[in-house]
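Here's a quick briefing to read with the structure open beside you. Take a look at the fold, then go through the points by topic.

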Amino acid sequence: MTYRMYAFHEMDLDTLYEMLAHRFEVFVLGQKCIYHDFDEFDRNPLTRHLIARDEDGRLVGYVRIVPAALH
C-alpha cells in the first residue's frame with residue numbers, strides 16, 4: 001500500500017476524479033447521506049487530501065484533513 005498527501009491544486013484530473021467518485025460511493029451510495037459533499041474546504045490551501053493505493057495503483061482509501069482553525 002502506498003500513501004500520498006495532496007493539496008487540492010496538486011491533484012491531476014484523474015486523481016481528482018477518483019477521489020470524488022470514491023467519496024460519492026462511500027457517503028451517498030454506501031451511507032445514503034444525501035448532502036452537498038463538495039464544499040469550500042476541499043480547495044482551501046490548508047486542507048490536505050490523503051490517498052491510499054493498493055499494489056495495482058487502485059484507490060482504496062481517502063481522508064480529507066481540515067485544520068480546526070477553518071471550522
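Of the 71 residues in this chain, 30% count as buried, where buried means under 20% relative accessible area, exposed means over 50% and partly exposed is in between (1.4 Å probe, protein chains only). Bear in mind that this is a predicted model: local features need pLDDT of at least 70, side-chain atom pairs count only at pLDDT 80 or more, and totals for chains, interfaces and linings use all residues. Residues are numbered from 1 along each chain as its sequence is written, and side-chain values use heavy atoms, with hydrogens and water left out.

**Overall layout**

- You'll find two helices and three strands in the chain; these are DSSP runs numbered from the N terminus, with helices being H or I of at least four residues and strands being E of at least two.
- Along the sequence the pattern reads β-α-α-β-β.
- Of the contacts with a separation of 6 or more, 54% are between residues 24 or more positions apart, a contact being heavy atoms within 4.5 Å.

- The three strands make an open sheet in the order 1-2-3, with antiparallel pairing; two strands pair if DSSP finds at least two bridges between them.
- Strand 1 (2-6) and strand 3 (59-65) are at the edges with a single partner strand each, so one side of each has no neighbour in the sheet.
- Strand 1 and strand 2 pair over five bridges, while strand 2 (residues 48-53) and strand 3 pair over six bridges.
- Leu50 is a handy landmark: Met5 has Leu50 as its bridge partner in strand 2, and Leu50 has Val63 as its bridge partner in strand 3.
- Ala52 stands opposite Gly61 in strand 3.
- The hairpin of strand 2 and strand 3 has five residues between the strands, and Gly57 there takes a positive phi near 85 degrees.

**Salt bridges**

- The whole structure holds six salt bridges, each being a side-chain nitrogen of Lys or Arg within 4 Å of a carboxyl oxygen of Asp or Glu.
- One of them joins the side chains of Arg23 and Asp42 (2.7 Å, N to O).
- Arg23 lies in helix 1 and Asp42 in helix 2 (residues 40-43), so this pair ties together parts 19 residues apart in sequence.
- Arg23 is buried at a relative accessible area of 3%, and Asp42 is buried at 4%.
- Another salt bridge joins the side chains of Arg64 and Asp39 (2.8 Å, N to O).
- Arg64 is in strand 3 and Asp39 in the loop between helix 1 and helix 2, so here the parts tied together are 25 residues apart in sequence.
- Arg64 is partly exposed at 26%, and Asp39 is partly exposed at 26%.
- Arg23, Asp39, Asp42 and Arg64 are linked in a network of salt bridges.
- Asp54, buried at 13%, meets Arg58 in a salt bridge (3.0 Å, N to O).

**One buried spot**

- Thr15 sits in helix 1 (residues 13-30) and counts as buried at 5% relative accessibility.
- Leaving aside neighbours within four places in sequence, Thr15 is in contact with Tyr6, Ile51 and Arg53.
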